[in-house]
Amino acid sequence: MFELPKLPYKHDELESFIDSHTMELHHGKHHAGYTAKLNTAIEGTDLEGRKIEEILSGNMTPAIRNNGGGFYNHDLFWKIMSPSGGGEPTGELAEKISETFGSFEKFKEEFSNAAATQFGSGWAWLVKTSDGLQVSSTLNQDNPLMSDVKVQGKPLLGLDVWEHAYYLSYQNKRPDYITAFWNVVNWEEVSKRYEDK
Ligand code: MN3
């Protein structure tokens, strides 16, 4: 059984970038919903008891793909944000980003563009692939762990661009939400994910 992970901060701690009501609904309703439906979908199958990363990299029913993706993606999303976030990465990750994209600013541009141009619901990603770092985007609750997406690897940073993630504060202005996001990115956590095997 998967459990809804606790938020690592209070609902209102990402204000004025992400409002408290959005956080409450997003975590307490959307993420909780994916978690419950994932449990229903794997109950009684041989996927019960497996790690989520393992489930998502194998063959899945649509219900497991959508709800398992939703479970994993939101868990990552809460962790890679922090009330004391923002700024720039340091250390190995900072070097790798500069080497790959030219500069941190260029990386931000590429990631923001992937998030802005993802049509409809989906996610933007910074992915650690076997060849290094890459920016990508996916539809719905798909993610880079899945074996049939364009850019595969370990998701380091993810941005939810479903309307439920920003509509209450930003309405149709997704680019403003993307700009705000950079102020809450927890680079320490992203670096940790990069350096971990
Ligand atoms: Mn969401």
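A salt bridge is counted here when a side-chain nitrogen of Lys or Arg lies within 4 Å of a carboxyl oxygen of Asp or Glu, and by this rule the count comes to six. The structure is a predicted model, in which local features need pLDDT of at least 70 and side-chain atom pairs count only at pLDDT 80 or more, while totals for chains, interfaces and linings use all residues. Residues are numbered from 1 along each chain as its sequence is written, and side-chain values use heavy atoms, with hydrogens and water left out.

One of these salt bridges joins lysine 96 to glutamate 99, with 3.5 Å between the closest N and O atoms. Both residues belong to helix α4, where they are three residues apart, about one turn of the helix; helices (H or I, at least four residues) and strands (E, at least two) are DSSP runs, numbered from the N terminus. For burial, the terms are buried for under 20% relative accessible area, exposed for over 50%, and partly exposed in between, with a 1.4 Å probe and protein chains only. Lysine 96 is partly exposed because its relative accessibility is 22%, whereas glutamate 99, with a relative accessible area of 60%, is exposed.

Glutamate 189 is listed with Trp187, Val190, Ser191, Arg193 and Tyr194 as the buried residues of α8, which runs over residues 187-195. These buried residues pack against the helices α3 (62-79), α4 (91-101) and α5 (104-117), and also against the strands β1 (122-129), β2 (132-139) and β3 (154-160), where contact means heavy atoms within 4.5 Å.

The side chains of arginine 50 and glutamate 54 also meet in a salt bridge, at 3.6 Å from N to O. Arginine 50 is partly exposed because its relative accessibility is 34%, and glutamate 54 is likewise partly exposed, with a relative accessible area of 40%. Elsewhere, Arg65, Asp142 and Asp148 are linked in a network of salt bridges.

Asparagine 73 lies in helix α3 and is buried, because its relative accessible area is 0%. Between asparagine 73 and leucine 4, which are 69 residues apart along the chain, the C-alpha atoms are separated by 12 Å.

Histidine 30 has its place in helix α1, and with a relative accessible area of 29% this residue is partly exposed. Leaving out residues up to four places away in sequence, histidine 30 touches Leu25 and His164. The C-alpha atoms of histidine 30 and valine 184 are 21 Å apart in space, and the two residues are 154 apart in sequence.

The backbone also has some points to inspect. The peptide bond from glutamate 15 to serine 16 is cis, with omega near -5°, and serine 16 is placed in the segment before α1. Asparagine 140, in the loop between β2 and β3, has a positive phi of about 50° although it is not a glycine, and its relative accessible area of 35% makes it partly exposed. Glutamine 171, which is not a glycine either, has a positive phi of about 45° and is found in the loop between α6 (167-170) and α7 (174-181); glutamine 171 is partly exposed, with a relative accessible area of 32%.

Glutamate 15 lies in the segment before α1 (20-42) and, at 42% relative accessibility, counts as partly exposed. Together with Asp12, Glu13 and Glu24, Glu15 forms a patch of negative charge on the surface. Such patches are made of residues with over 30% relative accessible area and no salt bridge, like charges being joined within 9 Å and nonpolar side chains (Val, Leu, Ile, Met, Phe, Trp, Tyr) within 5 Å. Lys and Arg count as positive and Asp and Glu as negative, while His and the chain ends are not counted; the place of a charge is taken as NZ of Lys, CZ of Arg, CG of Asp or CD of Glu. Accessible areas come from the Shrake-Rupley method with a 1.4 Å probe, and for residues only the protein chains shown count as cover.
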